[in-house]
Amino acid sequence: MKQTLTALAVATATVVAWAQATTEGEVRKVDAAQQKITLKHGEIKHLDMPPMNMVFQVRDPSLLSQVKAGDKVRFTADKIGGAYVVTSIEVVK
Ligand SMILES: [Cu+2]
């Protein structure tokens, strides 16, 4: 039984890591002063979020210098301290 629980915990951790895969989106607005970015994003399963337009905070302000409005991007996001935060982002060429 204990081994089953361990195996289940490992499997769950793997699924969580997998769920943090990138999400596709399009940059609507970059607000460097507020360190925020508005994204039109696809479904984010691990955040239980359907596709929408929304404002994210960014973990690192330097992420904002890599993108501009209109860019198609892939990004990772997480809920940190009650706020939705973009943790990585890259332009899709
Ligand atoms: Cu959203």
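Student: Is Val30 buried or exposed?

Tutor: This is a predicted model, in which local features need pLDDT of at least 70, side-chain atom pairs count only at pLDDT 80 or more, and totals for chains, interfaces and linings use all residues. Residues are numbered from 1 along each chain as its sequence is written. A residue is buried if 20 or more other C-beta atoms lie within 10 Å of its own, exposed if 12 or fewer, and partly exposed in between, with C-beta atoms placed from the backbone. Because Val30 has 21 other C-beta atoms within 10 Å, Val30 is buried.

Student: Which residues does Val30 touch, not counting residues up to four places away in sequence?

Tutor: Two residues are in contact if their C-beta atoms, placed from the backbone, lie within 7 Å. Val30 has its place in strand β1 (residues 23-31), strands being DSSP runs of E with at least two residues and helices runs of H or I with at least four, numbered from the N terminus. With residues up to four places away left out, the residues touched by Val30 are Ile37, Leu64, Val67, Lys68 and Ala69.

Student: What distance separates the C-alpha atoms of Val30 and Ser65?

Tutor: Val30 and Ser65 are 35 residues apart along the chain. The separation of their C-alpha atoms is 8.9 Å.

Student: In what order do the strands of the closed barrel run?

Tutor: The protein chain contains 1 helix and 5 strands, and along the sequence its pattern is α-β-β-β-β-β. Two strands pair if DSSP finds at least two bridges between them. The closed barrel has 5 strands with mixed pairing, and its order is β1-β2-β3-β5-β4.

Student: Over how many bridges do β1 and β4 pair?

Tutor: In the pairing of these strands, Thr23 stands opposite Phe75 in β4. Strand β4 covers residues 72-80, and its antiparallel pairing with β1 extends over 4 bridges.

Student: Which residue in the turn of the β4 and β5 hairpin has a positive phi?

Tutor: β4 pairs with strand β5 (residues 83-91) in the antiparallel sense over 8 bridges, and Asp78 has Val85 in β5 as its bridge partner. The hairpin has 2 residues between its strands, and the positive phi, about 55°, belongs to Gly81.

Student: What is the bridge partner of Lys36 in β3?

Tutor: Strand β2 (residues 36-41) pairs with strand β3 (residues 52-58) in the antiparallel sense over 6 bridges. Within β3, the bridge partner of Lys36 is Gln57.
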